[in-house]
Amino acid sequence: MRTLQIAATSTLLLTTLLFTACSGESGNSNGASPATTSKPSSKKMMPDDPDLASLYTQSCFSCHGTGAGGAPRTGNSSEWQPRMEKGMDTLLDHTIDGFQGMPPLGMCMDCDEAQFTALIEFMSSGS
Ligand code: HEC
């Protein structure tokens, strides 16, 4: 009787050990996968118009491309939504006069009002 019981116990122990070894391996391969998760914001967004694209790259992009200083990020509609609710006239005034962390003219000394409007529309939609 006793011999049988010991045999049964050691079989169980062996099975447990094998199982632990297997699940340990699969745990390792799983651990490597989260590194491949990509950021959705890494997509590069540029205005279609080349002139507007160069103005954007030289000025707005440095803050609005990255969110530096709390700037609403280009193409991030949830960050732009409360801004757009103020109306384009107010946003244009804030762009020209500056608004908290936003420098006057958005550091684009050569931009005219039509270009500012186009840049704001581009940044708020990402296209
Ligand atoms: C030096 C960094 C910087 C640059 C360059 C910049 N911005 Fe901004 N902008 C900000 C920050 C920071 C805010 C958020 C201000 C806040 O709400 O505190 C902002 C906010 C705005 C807003 C929203 C204002 C509001 O009333 O909510 C508009 C519109 C805007 N920027 C347009 C532009 C445009 C157009 C350009 C390029 C011509 C530009 N910005 C360049 C930093 C910048």
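Tutor: Let us begin with contacts: two residues are in contact if their C-beta atoms, placed from the backbone, lie within 7 Å. Please bear in mind that this is a predicted model.

Student: Leaving aside neighbours within four places in sequence, with which residues is Cys60 in contact?

Tutor: On those terms, Cys60 contacts Gly106, Leu119 and Met123. Cys60 itself is found in the loop between helix H2 (50-58) and H3. Its C-alpha also lies 9.3 Å from that of Ile120, although the two are 60 residues apart in sequence.

Student: Is Cys60 buried or exposed?

Tutor: A residue is buried if 20 or more other C-beta atoms lie within 10 Å of its own. Cys60 has 24 such atoms, so it is buried.

Student: Which residues come nearest to the ligand?

Tutor: Of the 26 residues around the ligand, Cys60, Cys63, Gly101, Met102 and Gly106 come nearest. Helix H3 (61-64), helix H5 (88-97) and helix H6 (113-125) are the elements that give two or more residues to this shell. By class, the shell residues divide into 14 nonpolar, ten polar and two charged.

Student: Why does Gln100 count as exposed?

Tutor: Gln100 counts as exposed because it has 8 C-beta neighbours inside 10 Å, whereas Leu105, with 15 other C-beta atoms within 10 Å, is partly exposed.

Technical notes. Residues numbered from 1 in each chain as written. Predicted model: local features only at pLDDT ≥ 70, side-chain atom pairs only at ≥ 80, totals over all residues. Near = placed C-beta within 6 Å. Helix = DSSP H or I, 4+ residues; strand = E, 2+ residues; numbered from the N terminus. Nonpolar A, V, L, I, M, F, W, Y, C, P; charged D, E, K, R; others polar. Buried ≥ 20, exposed ≤ 12 C-beta atoms within 10 Å, placed from the backbone.
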